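Please read it alongside the sequence and the model.

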Amino acid sequence: MTTIADIPQAKPSRRGSLTLRVGLALLGIHLVLGLLTVFWTPYDPAAMAGGRLSPPSLAHWAGTDRLGRDLMTQIMIGSRIALMVGAGAVVIGALIGVTLGLLAAFATRFLDDVLAAALDILIAFPTLLLAMLVVAASESASLGTAIVALGIALSAIVARLTRILAKRVLAQDYITAARTSGTSWPMVVFKHILPNIWPTLSVNFALQFGLAVIAEASLSYLGLGAPPPNASWGRLLQEAQGTVYTAPLGAILPGIALVILVIGMNFLADGLRDRADPMRGAAR
Amino acid sequence: MLFVLLRLLPGDPASALISVGADASQIEAAREAVGSNLPLAQQFVRFVSDLARFDLGNSFVSRVPVLDEISARLTITIPLTLFAFLLSIVIAVPLGIIAAVRADRWYGAAISTVSQLGIAIPVFWVGILLVSAFAINLRLFPSGGFPLRGWADAGEALRALALPVLTIAIVMSASLLRYVRAATQDVLGSDYLRTARALGASFPEALIRHGIRNGSVPVISILGIELATTFLGAVVVERVFALPGLGSMLLLGIEQRDYPNVQGVLFISTLFVLLVGFAADLVQRLVDPRLRDRMGGRP
């Protein structure tokens with residue numbers, strides 16, 4: 001029996017870490033490109049470095065856009081913006097969401113019901129729509145507004161998940177044991193609840209990152225994201241839509257870059273989940 | 001609940017109405033006009049009584065009653081949503097079942113992989129790609145817009161909706177497919193399916209008689225969420241294809257700071273989301289009698 005059990009265990013564990021590695025590699029591409037733009041870009045992003053809408057060449061690997069700016073430069077800056085948006089939105093969403101979720105888990109029955117119902121309704125709205133409303137409410141569109149808006153929109157999802165997870169942990173005997181032995185509630189939260197729910201939360205954060213990147217691109221596409229000269233992929237695609245017949249690359253490459261990042265994050269989430277949750281038949 | 005949501009999110013309606021840098025008297029006048037200077041309780045009463053009469057106010061910009069504008073635009077958004085919804089069910093359900101049943105074959109794995117790709121693609125990019133393939137290169141469909149005469153010209157209207165519907169359906173079916181596949185996998189591992197097989201039912205027979213009914217319960221609640229998401233997600237697709245639907249009304253409302261329009265669209269959307277959720281609940285109970293008792297007390 002033990003020999004049989006050993007064999008199927010070995011296989012999924014390799015697969016799990018492969019997903020994780022592919023995810024990290026895809027994310028790594030963007031990290032390198034994005035970080036690189038802090039120090040160096042192939043061309044000045046605002047400079048009209050070549051002819052308008054020129055096809056790919058040795059000088060411009062991805063061609064130029066309708067103003068003659070180097071497309072590769074724009075896409076690389078897009079990486080940096082996407083990473084900033086994803087990370088920023090997830091951090092904000094996590095801070096608000098985890099706090100709210102924990103509050104709901106600890107709250108009295110009535111407050112908990114109210115919070116849960118409110119979260120359910122908020123979640124029924126797509127992230128993008130909530131973000132649009134937050135942007136609409138703010139005075140002007142900027143990269144910061146977009147990040148905050150997305151973070152707030154994501155926080156509902158995080159809050160609901162945290163609430164469910166924390167309630168499950170709170171029902172465990174060891175919490176009663178900890179309380180009986182004199183551990184204060186804040187200590188219980190930091191020593192028992194957060195460490196226990198963290199693995200599941202982090203998987204969710206990786207997925208949220210992807211969601212945030214797509215939502216930001218959509219915001220920029222709709223003209224509600226960061227204003228020029230921030231070369232968000234969404235805005236690049238929106239600008240290229242009009243010239244898709246003469247210069248199709250401009251409408252394709254930013255999209256591919258975005259899909260690579262989001263798939264990378266999804267793989268990373270899968271890999272993390274396999275690692276965090278041995279019950280799903282994968283590696284510890 | 002709705003009131004709180006509407007009030008919390010977009011800030012003071014008056015600040016949306018006026019331009020940046022207005023002086024205090026202008027602000028006060030604007031607040032007077034939208035009634036946000038009244039105490040909150042009074043606002044609430046006004047809000048509820050207006051809603052009860054289905055009075056959503058008039059647009060700040062065009063002075064047209066918000067409800068008229070919404071109902072005109074729904075003639076585009078509702079068909080768009082429903083066609084896309086039906087098409088994505090037609091795509092996702094069979095493919096999802098195949099992906100689960102034939103997970104060991106190459107096409108089962110291929111379906112799963114493609115659906116993984118599908119959930120990572122932003123819907124507007126699918127739209128752009130479809131436009132460039134079918135509208136610009138093949139010239140099969142218009143690249144955007146809607147016939148001015150609306151549904152009086154049904155053929156043209158349908159042609160205008162073809163690409164947007166396909167766009168939404170592609171993205172929606174990708175995520176739906178994953179739920180169908182997961183539900184089917186649960187069914188495949190279940191005891192009742194094995195019992196049915198042991199009693200002599202063939203595999204397809206057992207799957208159709210027992211599997212579909214059981215597997216559809218979780219999928220229906222997802223379908224409810226997806227339908228609501230599609231309805232709201234039409235915002236982006238309507239922009240790609242320049243369709244004058246509810247989504248573009250919301251966008252225009254935001255751009256022009258036309259607060260009654262934004263609020264009206266939001267109200268109708270919330271109503272729709274709640275109704276769909278309720279409907280999904282009802283359908284679930286029709287399909288699964290066990291839920292009728294267990295969830296009897298809950299709304």
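Is B:Arg73 buried or exposed?

B:Arg73 is buried, with a relative accessible area of 14%, where buried means under 20% relative accessible area and exposed over 50%, with partly exposed in between (1.4 Å probe, protein chains only). B:Arg73 has its place in helix H5 of chain B, helices (H or I, at least four residues) and strands (E, at least two) being DSSP runs numbered from the N terminus.

The side chain of B:Arg73 makes a polar contact with that of B:Ser248 at 3.2 Å; such a contact is a pair of N or O atoms within 3.5 Å, of which, within protein, one must be able to donate a hydrogen and the other to accept it, and residues adjacent in sequence count only if both atoms are side-chain atoms. Leaving aside neighbours within four places in sequence, B:Arg73 is in contact (heavy atoms within 4.5 Å) with B:Pro244, B:Gly245, B:Leu246, B:Ser248 and B:Met249.

## Basis of the model

This is a predicted model, in which local features need pLDDT of at least 70 and side-chain atom pairs count only at pLDDT 80 or more, whereas totals for chains, interfaces and linings use all residues. Residues are numbered from 1 along each chain as its sequence is written, chains are lettered from A and ligands numbered from 1 in the order in which they are written, and side-chain values use heavy atoms, with hydrogens and water left out.

## Packing of H5 and H11 in chain B

Helix H5 (residues 66-101) of chain B packs against helix H11 (residues 246-255) of chain B at an angle of about 135°, and their axes are 8 Å apart. H5(B) and H11(B) are therefore oblique to each other. On the H5(B) side the contact includes B:Val66, B:Glu69 and B:Arg73, and on the H11(B) side B:Leu246, B:Gly247, B:Ser248 and B:Met249.

## Chain B as a whole

Chain B has 13 helices and zero strands, and buried residues make up 46% of its 299 residues. Among its contacts between residues at least 6 apart in sequence, 68% join residues at least 24 apart.

B:Ser190 lies in the loop between helix H8 (154-188) and helix H9 (191-198) of chain B, and at 14% relative accessibility B:Ser190 counts as buried. The C-alpha atoms of B:Ser190 and B:Phe278 are separated by 29 Å, the two residues being 88 apart along the chain.

Key:
Axes fitted to C-alpha atoms, helices over the stretch in contact; angles between N-to-C directions. Parallel < 35°, antiparallel > 145°, perpendicular 65-115°, else oblique.
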